[in-house]
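Colleague: I would like to learn how to read this model. Please take me through it one feature at a time.

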Amino acid sequence: MTEKRYFGIAVALSFLLSLLVFFDFRSFFSSLLVNYTADITIGNTVSIRETFDYFVKKSDKYSMLFRNWKVPLTFNGEELNNPYITVESLNSAFPWYVVDYKRRVYLKVPDKVLASICKIKAYRNEVGIVKGLEGNNLKKFDKGIYSFSAFYRMYPPVETDGKFSHINIKLADVHVYYSKVKIFLKDPKHLIERLYVHMPHFSVKKLDNGYFIKGKSPSDSLVELEMVLKGNPVKGFYRRVFNVSFLAEKANFNPFVFLIKLVDKLIFVSILVFPIFMIYYYERFGSESSDAVPEYISFIPDKEKKPYVVNLLFSGDATVCDENAFYATLLDMQRRGLIDIRSDGNGIIIEILSMTTEDPYELSVLSFLERYAEDIGGKKIFIPERLEVKVKELTNSKSLESLKSMKEDFDSILRWNDDSIVNDYLDLRGYNLFSTVAVILIVLLVLFSATVLIKNDPLIDTTSVVAHCAVLIGQLLIFLFLPPQILGRWKERRYRESLLWKGFKNFLSNMAMIKKYAPEDISIWKEWLIYGTALGVADKVEKAMKELNVDLPDVDVERRVRTHFSVVYAGIGSGIASLSKSSSGGDGGFGAGGGFGGGGAGGR
């Protein structure tokens, strides 16, 4: 796959992720949603007409659809000596019920069984509907839409300084997901001096005789209207305060909410422009000039280049070797007579014949083999099966430090890197700049999400903010995990060389092309196997040799060496994991949320 194709896939994934911010998946997964409409009139009294449209998405789950209040609720015109709400009327095609502040039950049609059920199951201060009775039990609602409306008069706490008065109407704070909220705030006498809306998502439109507020309210978020009124117009329970306007303004100054919402908007915009920005960034730091190189190259582009260097630069991440560099180097050193890999009847052994090489990686590999080799008859013999036994012994004796030391030895040859080689081929300023900024941003986004989750302010849609952070983190990770050379640039004519090796890898991966150019000379097959291993396509070369009946012992050697080392390395990892695990120890007020009312819609 070319660098441009890698980058194109990353941009496409990033763009698809950005589309997620336009969907609220909570509405897909919730079994009960509500569209909420309220007509509120500010006059001599505060009157509220609420309409709930319940969207039941799962049959046989709900038998009562309700709204409850957190303040005293009365019926039949009963008056109280403290703030309260009284139900004037209810309307629904289904049987409705009212449970007042004393837990007295009122029904659309009197029924002792239903009254007893409501008394037991419903909250105080609740109104709702049921589908009906089936024997002594409630019927369950089927999947569908169910509506009911209620008309109330509210007698709230009122703060006054003589010139202005203040009321705070909390319409909901504990409820199911309100996918749509519409509030018509009617002010025919133009009494409202200031209006403060407390909702996570809303817009306000000024009308001739009031306001129209719309939005949505995630589960258990706030739906609240706070008002400063001219004079003392509404009936309620008054208390004297000093300077109502100042107190209301001060209570509604919330820099934390303002800052969170501002940052959330910035994150939202960043998500949308991020794919476009990365296209610009790629053109600025990563794109390569076009170079005409055939798709398939049937010769080794540079036989002087060490197999591990080919693996380092032209197979995956161009800044670090993978395990194929090690296996290719073993085959190459055997071909050059530095080691001998052979079978001893039970498994394979590696005999060190010479340490005469100046290449730093080859010296590291030879030193590694020598460190774990046994002296047998004056010869240095590395036996993988003995190493397997040693790993088991260290695990059984709980020698955690020895296992960690052994793993470091393995990692030093299986994850080799050489900055001098990389810097000779690549200009990684673009990648280094991006990775540094991306890591800082990811840390900041995680901290920001944690802060929002801990505060859990009812005026903030916490789930939405955290989801936005997660999407942007996902976009950053997509490009962070790309091979570094994609956001970097090959130096001078190095890009042409990378394309040549890419063409050779394509050739070794294509059976038809190998058959077409199959060599007679067995030494060429050996070289193909070595460089095919370095490029990560050894299995394709082995398959071609098998189909063409090419008998090369190196194939079996490569496979068995890989198997033995994988077993040993996995054993070290599981030993460290098991030992590490066993060693570990085991009334009315000012500001958002201070309103009179509360509760909200739900189902049981």
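Modeller: Start with the salt bridge, which is a side-chain nitrogen of Lys or Arg within 4 Å of a carboxyl oxygen of Asp or Glu. Side chains of opposite charge can pair when their charged atoms come close. The structure is a predicted model, in which local features need pLDDT of at least 70 and side-chain atom pairs count only at pLDDT 80 or more, while totals for chains, interfaces and linings use all residues. Residues are numbered from 1 along each chain as its sequence is written, and side-chain values use heavy atoms, with hydrogens and water left out.

Colleague: How many salt bridges does the structure hold?

Modeller: There are 28 salt bridges. One of them pairs Glu88 with Arg153, with 3.7 Å between the closest N and O atoms. Glu88 belongs to strand 5 (residues 84-91) and Arg153 to strand 11 (residues 144-155), so this pair ties together parts that are 65 residues apart in sequence. Helices (H or I, at least four residues) and strands (E, at least two) are DSSP runs, numbered from the N terminus.

Colleague: Which residue does Arg494 meet in a salt bridge?

Modeller: Arg494 meets Asp424, at 2.8 Å from N to O. This pair links distant parts of the chain, with Arg494 in helix 15 (residues 494-508) and Asp424 in helix 11 (residues 419-425), 70 residues apart. Salt bridges that share partners join Asp302, Lys305, Asp424, Arg494 and Glu497 into one network. Asp424 is partly exposed, with a relative accessible area of 40%.

Colleague: What is a pocket, and what is a cavity?

Modeller: Both are found on a 1 Å grid over the protein atoms alone. A cavity is a set of points where a 1.4 Å probe fits but cannot get out; a pocket is an open set with protein on both sides within 12 Å along at least five of seven lines. Lining residues have an atom within 4 Å of a point. Grid points are joined across faces, edges and corners, and a volume is the space filled by probe spheres set on the points.

Colleague: Which residues lie nearest the centre of the largest pocket?

Modeller: They are His201, Lys216, Asp461, Ser464 and His468, out of 24 lining residues. The largest pocket holds about 580 Å³ of space. Helix 13 gives the most to its lining, with six residues. Strand 16 (201-207), helix 5 (255-286) and helix 13 (462-480) each supply at least two.

Colleague: And which residues line the largest cavity?

Modeller: Tyr327, Leu330, Leu331, Ile341, Glu558 and Val561 do. The volume of the largest cavity is about 30 Å³. Helix 7 supplies the largest share of the lining, three residues.

Colleague: Where does the UniProt annotation place the "transmembrane region"?

Modeller: The unreviewed UniProt entry gives residues 6-23, 266-282, 433-453 and 465-487. UniProt positions are in the numbering used here, feature names are shortened, and annotations may be inferred rather than shown by experiment. Over residues 6-23 the chain is 78% helix and 0% strand, with the end C-alpha atoms 27 Å apart. Residues 465-487 are 87% helix and 0% strand, and there the end C-alpha atoms are 29 Å apart.

Key
Buried means under 20% relative accessible area, exposed over 50%, partly exposed in between (1.4 Å probe, protein chains only).
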